[in-house]
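I opened the model today to look up its strand pairing and its overall dimensions. My notes follow the display.

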Amino acid sequence: MVKMIIGGDICATKRDESSFLEGDALRLFSDILPVIKAADLAIANLETPLINSPSPIKKSGAVFGNSPNILNAIKKSGINFLNLANNHILDHDIKGLQTTIEALKNQGFYSVGAGDSIDEASKPFTIQIKGKTISVLSYAENEFSIAENGKPGANPVNIIDFVTRIKDLKESSDFVLLLYHGGKENYMLPTPKQQKLCRFFIDQGVNMVVCQHSHTAGVYESYNSGNIYYGQGNFVFDAYPLKRDWLYKGFLIEVMLNDDNSTEIKLIPYVHNSFLNDEIGIRKMTLEESKPFMNTIDEAFQKMIQNPNYVQEEWLKLSKSLESTYFSILNGNGRLMRKLNEKFSWLKLIYKNDRKLALKNIVTCETHREIVETILEDK
């Protein structure tokens, strides 16, 4: 029997950085430590490049970067596998990716999902544990971090590459895990296209798909003999002083792979100590805390079963609520102007049907979108 643990995003912040650097795994992981240490393969997403000096790229969104020495605590926790296919791995350009990969090798970590070329980034990870062959594929949505021809970075979602690789992996592996870094941040449901893609992964032979990036615990579903998890929440990634409870709660996925290749899966909810008091690290939820937390996820799962259109209907509601924000982004407004437009919605007067149709054509037509992407490369 092989035991695997899968966790979400890890990134040191100002509040807990010293504990990472000092290797204080007990303070950071507390009663989660025995769970991790008991695993044969303990996986998490490294949501930050490991850098010796800053070399930030120009991008939209937050730029993260930590010292390679934060691995001191991660190593002591029992985590032995770090995913690199995410939207932050190139935050400090090629140099930052190179120091990250070097640091992981020096500390003896397994990794997947990024490399100095598209070929390296797309290579699956395969390991033999207790007579079982376990393979991991990792993909990230295109967001300032993707490897291209002749350019290092994270592994992009490439269906042709996936189909080619899964043919061999499903024949040679006892268990195939796919890590997908994408979806809507702060949203517990999949987007309609994300759900369709993840189900396609299962249809082709993947045993489990785990989505990360949403920073919130997401819904899950069993589909065609496989399992899909649409977000786990932040792992050790302290959001203090933000007071949004979903940023501080998540769950580990414990997978027991039996001798006959059947699986037993258990979710282990945890909470950040800084959510309720000014302390560092995470801990297991109490039974009183975990019941409402898991009930919310289970209720969404039941709605997905009862209503095949539930994901689409909720996505339409969310998209409609973000209309003013996205009009501001498309109009080139900064953060302040976007906030004002969210309140007063004056851009709705500008974006009449003809203008909306022109934008739709540019965004949805592959050729038009490629032209825009090429133009925006000159940034």
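I count two strands as paired if DSSP finds at least two bridges between them. Strands (E, at least two residues) and helices (H or I, at least four) are DSSP runs, numbered from the N terminus. The model is predicted: local features need pLDDT of at least 70, side-chain atom pairs count only at pLDDT 80 or more, and totals for chains, interfaces and linings use all residues. Residues are numbered from 1 along each chain as its sequence is written, and side-chain values use heavy atoms, without hydrogens and water.

Entry one, strand E14. I looked up E1 (residues 2–10) and found that five bridges join it to E14, antiparallel. Val2 has Leu257 of E14 as its bridge partner. I then checked E15 (residues 263–272): it pairs with E14 over nine bridges, also antiparallel. Gly250 is bridged to Tyr270 in E15. Five residues lie between the strands of the E14 and E15 hairpin, where Asn261 takes a positive phi near 70 degrees.

Is E14 enclosed or open? Eight of its nine residues (249–257) are buried, so the rest of the structure largely encloses it. Buried means under 20% relative accessible area with a 1.4 Å probe, protein chains only.

Entry two, the whole chain. I find 14 helices and 16 strands. The radius of gyration, over C-alpha atoms, is 21 Å, close to the 21 Å of the globule rule for 379 residues, so the chain is as compact as a globular protein of that length. That rule is 2.2 Å times the number of residues to the power 0.38. Buried residues make up 49% of the 379.

Technical notes
Buried means under 20% relative accessible area, exposed over 50%, partly exposed in between (1.4 Å probe, protein chains only).
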